[in-house]
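Here is a short briefing on a protein with a ligand. Look at the picture first, then read the points one by one.

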Amino acid sequence: MRLTRRLAAIAACVPPGVVVADIGTDHALLPIYLVEKGICPRVVATELNPGPYRSAIEAVNLQGLDGKIEVRQGDGLHPLLPGEAQVIVLAGMGGNTIRQILADSPEVLAAVRRLILQPMVDAGDLRLWLVGEGWRLVDEMLVEEDGRLYVIVVAERGREKVSDPYLLEIGPRLVEKKDPLLPAYLSKLMAHYQRILKALARSRSSRAEEKALEISDKMARIQEVLKEWP
Ligand SMILES: C[S@@+](CC[C@H](N)C(=O)[O-])C[C@H]1O[C@@H](n2cnc3c(N)ncnc32)[C@H](O)[C@@H]1O
């Protein structure tokens, strides 16, 4: 089976030999790939919603992999027992949904060695939370697929050396690695913030003003990074 570039990049972050839990697996494409390629001996694939849960079961059965991939229905990490998976993948959801799912199950998270996260939005909020909870960002990458840019964040237990919230917003490993897709990614982030600023400008509340200031600061920092880009 061939994966799309985004899922292939996620698969490449999985260390061989570990049990992975793929949360929100949808069609179970990643679990099937990881087991078929012999990267993982076993994968637990979970789904919240009945439709994708059924699709995942069908796909796994079709490949004859039901002995190695267990599909479970449930919310976030709740279908997992502590210690069952060493690596957790959460891909294709919002950064704040991912953060909430992780925060909701501290006992499962305590036994996890690596998180592979692909937030669709709000990656900065997710990084800030991870760092505050004692995770370090071991790697980050950008992947282009069908004209869209996706960010992947890999975290392991430990102290993150970067605490600057603006750098955490952008992605410290992306900046260090001078990821060639970073300028395009930051331009999209700037456009996203512009839209939020426009919406906030319609409100007169002090909360909206505070939020607008926060976003303007973030934009100024992004512009600094873009200006210094080689
Ligand atoms: C956009 S799909 C991404 C599928 C796959 N992870 C990928 O990256 O291609 C998001 C999936 O997450 C599932 N989902 C959303 N919230 C969830 C939760 N709290 N727990 C488990 N699954 C969830 C949805 O049903 C959906 O199938």
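The points below cover the ligand, the sheet, the helices and a hairpin.

This is a predicted model, where local features need pLDDT of at least 70, side-chain atom pairs count only at pLDDT 80 or more, and totals for chains, interfaces and linings use all residues. Residues are numbered from 1 along each chain as its sequence is written, and side-chain values use heavy atoms, with hydrogens and water left out.

**Around the ligand**

- The ligand is surrounded by 15 residues (a residue is near if one of its heavy atoms lies within 4 Å).
- The closest are Arg-6, Gly-24, Glu-47, Asn-49 and Asp-75.
- By type, the shell holds 6 nonpolar, 5 polar and 4 charged residues (Ala, Val, Leu, Ile, Met, Phe, Trp, Tyr, Cys and Pro count as nonpolar, Asp, Glu, Lys and Arg as charged, and the others, Gly among them, as polar).
- A backbone N or O atom of Gly-24 is 2.7 Å from a ligand nitrogen atom.
- For Ala-91, a backbone N or O atom lies 3.0 Å from a nitrogen atom of the ligand.
- A polar backbone atom of Leu-48 is 3.3 Å from a ligand nitrogen atom.
- On its own, the ligand has 600 Å² of accessible area, and the protein covers 78% of it (Shrake-Rupley method, 1.4 Å probe).
- β4 gives the most, with 3 residues.

**The sheet**

- An open sheet of 7 strands has the order β3-β2-β1-β4-β5-β7-β6, with mixed pairing (two strands pair if DSSP finds at least two bridges between them).
- β3 (69-73) and β6 (135-145) are at the edges with a single partner strand each, so one side of each has no neighbour in the sheet.
- Neighbouring strands are turned by 15 degrees against each other on average, direction ignored (axes are lines fitted to C-alpha atoms, for helices over the stretch in contact, and angles run from 0 to 180 degrees between N-to-C directions).
- β1 (residues 20-23) pairs with β4 in the parallel sense over 4 bridges.
- Val-20 has Val-87 in β4 as its bridge partner.

**Helices across the sheet**

- α3 (residues 50-62) lies across β2 (43-47) and β3, at about 165 degrees to β3 (contact means heavy atoms within 4.5 Å).
- α6 (residues 123-132) lies across β5 (114-119), β6 and β7 (148-157), at about 160 degrees to β6.

**The hairpin**

- β6 and β7 run antiparallel, joined by 10 bridges.
- Glu-144 stands opposite Leu-149 in β7.
- The hairpin has 2 residues between its strands, and Asp-146 in the turn has a positive phi of about 50 degrees.

Methods. A polar contact is a pair of N or O atoms within 3.5 Å; within protein, one must be able to donate a hydrogen and the other to accept it, and residues adjacent in sequence count only if both atoms are side-chain atoms.
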